[in-house]
Amino acid sequence: MVILSGWTRVWVREGAEQRIIAFRGAGELVGERAALMIRDRSATVTADGDVQALRIDAPDFGAFLDAHPRVRGVLEQQVYRRQIEKHDFGDVQGNCSILITDITSFSSPARTDADREYVLGAMYDLMGEAFTASGLDLGRLYQEDRGDGALVIVPPTTPTDRVVDPMLAHLAAALRRHNRRAAEATRLQLRAALHVGPVQRGPKGVSGISIITTRRMVDAPAVKRRVAETGADLAFVTSDFVFDTVITPAPGLVDPGRYSRVRVRLKEASLPAWLMLEGGGSQLRAV
């Protein structure tokens with residue numbers, strides 16, 4: 001199958017749980033290895049939300065490849081790369097770094113579905129480049145697509161400061177470059193929240209109060225208000241713990257002086273957090 005739109009997850013059963021191998025999106029193939037090698041499937045593919053795909057019978061697929069040897073060569077290289085992939089997202093149990101992103105005004109009527117697909121793809125591309133700058137492979141970290149953003153879980157074995165420095169500086173620069181060339185409908189304003197806390201992994205994915213807290217941080221009215229006021233390309237909000245242990249020591253490109261205090265409202269209470277804005281008219285003031 002050729003995925004035309006949407007996202008799928010590739011997984012295998014390990015005892016009573018599912019282990020996620022990879023995520024496949026628009027333009028990628030699933031099932032091609034089985035068709036090439038005339039063998040049964042090695043994993044299960046599940047749609048994460050609505051997915052449109054082109055289904056091709058194995059005999060027709062084989063005939064197409066026979067008629068186009070160059071395509072067969074490219075496909076065989078892809079199959080080889082997937083065979084040697086390290087399909088291990090690490091230990092996402094325990095105190096993990098939790099990053100949640102959200103695209104501002106993703107559902108705006110000014111965007112078409114094609115605009116939304118383009119902007120979402122751009123977000124993943126820019127995040128992937130920024131993570132690579134920090135020595136991290138985004139494709140090998142646990143991810144969940146949230147429709148208008150992403151959830152990324154970084155295992156306890158990876159220091160949280162690598163999710164901050166120099167990743168954030170590269171992400172902010174990439175967003176500025178993208179937005180200088182983008183039309184209004186494809187401009188990418190990104191809100192991101194980072195927290196550290198316990199994560200539980202089950203057969204349906206990950207859960208925990210720390211993920212809920214991070215989600216509320218990225219959706220905080222104070223954060224949305226500052227983005228609207230400044231037109232910032234990137235709004236990055238962290239918990240007190242991350243600010244005290246990662247931001248304050250100011251490694252590398254991190255400047256704690258660029259952060260301001262905000263309050264994140266929870267259902268029962270509120271908690272303090274720290275906000276940094278990049279791009280737009282993002283001069284900080286107390287919130």
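Predicted model: local features only at pLDDT ≥ 70, side-chain atom pairs only at ≥ 80, totals over all residues.
How many bridges join strand 4 to strand 7, and in which sense do the two strands run?

**Figure 1. Strand 4 and its pairing with strand 7.** Strand 4 (residues 94-103) and strand 7 (residues 190-202) run antiparallel and are joined by 10 bridges. Within this pairing, Ile 103 has Leu 190 of strand 7 as its bridge partner. Eight of the 10 residues of strand 4 are buried, so the strand is largely enclosed by the rest of the structure.

**Figure 2. Strand 4 and its pairing with strand 6.** Strand 4 also pairs with strand 6 (residues 149-154), in the antiparallel sense and over six bridges. Ile 100 has Leu 151 of strand 6 as its bridge partner, and Thr 101 stands opposite Ala 150 of strand 6.

Figure 3. Is strand 6 largely enclosed or left open, and why? Six of its six residues are buried, so strand 6 is largely enclosed by the rest of the structure. Gly 149, Leu 151 and Ile 153 lie on one side, and Ala 150, Val 152 and Val 154 on the other; both faces are covered. Leu 151, the bridge partner of Ile 100, and Ala 150, which stands opposite Thr 101, therefore belong to opposite sides of a strand whose six residues are buried.

**Figure 4. The hairpin of strands 5 and 6.** Strand 5 (residues 142-145) pairs with strand 6 in the antiparallel sense over four bridges. Tyr 142 has Ile 153 of strand 6 as its bridge partner. Three residues separate the two strands of this hairpin, and Gly 147 in the turn has a positive phi of about 85°.

**Figure 5. The second largest cavity.** A search of the whole structure finds two cavities of 30 Å³ or more. Which residues line the second largest cavity? The lining consists of Leu 99, Thr 101, Met 127, Phe 131, Met 167, Leu 168, Leu 171, Ala 192 and Phe 236. Strand 4, helix 4 (113-133) and helix 6 (167-181) are the elements that give two or more residues to this lining. Helix 6 gives the most, with three residues. By residue class, the lining of the second largest cavity divides into eight nonpolar, one polar and no charged. Thr 101, one of the lining residues, also stands opposite Ala 150 in strand 6.

Figure 6. The peptide bond from Asp 165 to Pro 166 is cis, with omega near 0°. Pro 166 lies in the loop between helix 5 and helix 6. Helix 6 contributes three residues to the lining of the second largest cavity.

Figure 7. Thr 158 is located in the loop between strand 6 and helix 5 (161-164). Its relative accessibility is 13%, and Thr 158 therefore counts as buried. Apart from neighbours within four places in sequence, Thr 158 is in contact with Ser 97 and Leu 136.

Figure 8. Ser 105 lies in the loop between strand 4 and helix 4. Phi of Ser 105 is near 55°, a positive value in a residue other than glycine. With a relative accessible area of 48%, Ser 105 is partly exposed.

**Figure 9. Leu 29 and its approach to Ile 3.** Leu 29 occupies the loop between strand 2 (17-24) and helix 1 (32-37). The residue is buried, with a relative accessible area of 18%. Leu 29 and Ile 3 are 26 residues apart in sequence, and their C-alpha atoms are 6.2 Å apart in space.

**Figure 10. The covered residues of helix 7.** Seven of the 10 residues of helix 7 (residues 209-218) are buried, and the helix is mostly covered. The buried residues are Ser 210, Ile 211, Thr 213, Thr 214, Arg 215, Met 217 and Val 218.

**Figure 11. The whole protein, for context.** The protein has nine helices and 11 strands. Of its 287 residues, 47% count as buried. Among contacts with a separation of 6 or more, 71% are between residues 24 or more positions apart. The protein exposes about 14400 Å², of which carbon and sulfur atoms supply 52%.

Key. Residues numbered from 1 in each chain as written. Heavy atoms only, no water. Buried < 20%, exposed > 50% of the residue type's maximum accessible area, 1.4 Å probe, protein only. Pairing = 2+ DSSP bridges. 1 Å grid on protein atoms, 1.4 Å probe; cavity = no way out; pocket = protein on both sides within 12 Å on 5 of 7 lines; lining within 4 Å. Points joined across faces, edges and corners; volume = space filled by probe spheres on them. Nonpolar A, V, L, I, M, F, W, Y, C, P; charged D, E, K, R; others polar. Contact = heavy atoms within 4.5 Å. Areas by Shrake-Rupley, 256 points an atom, 1.4 Å probe, with all protein chains shown as cover.
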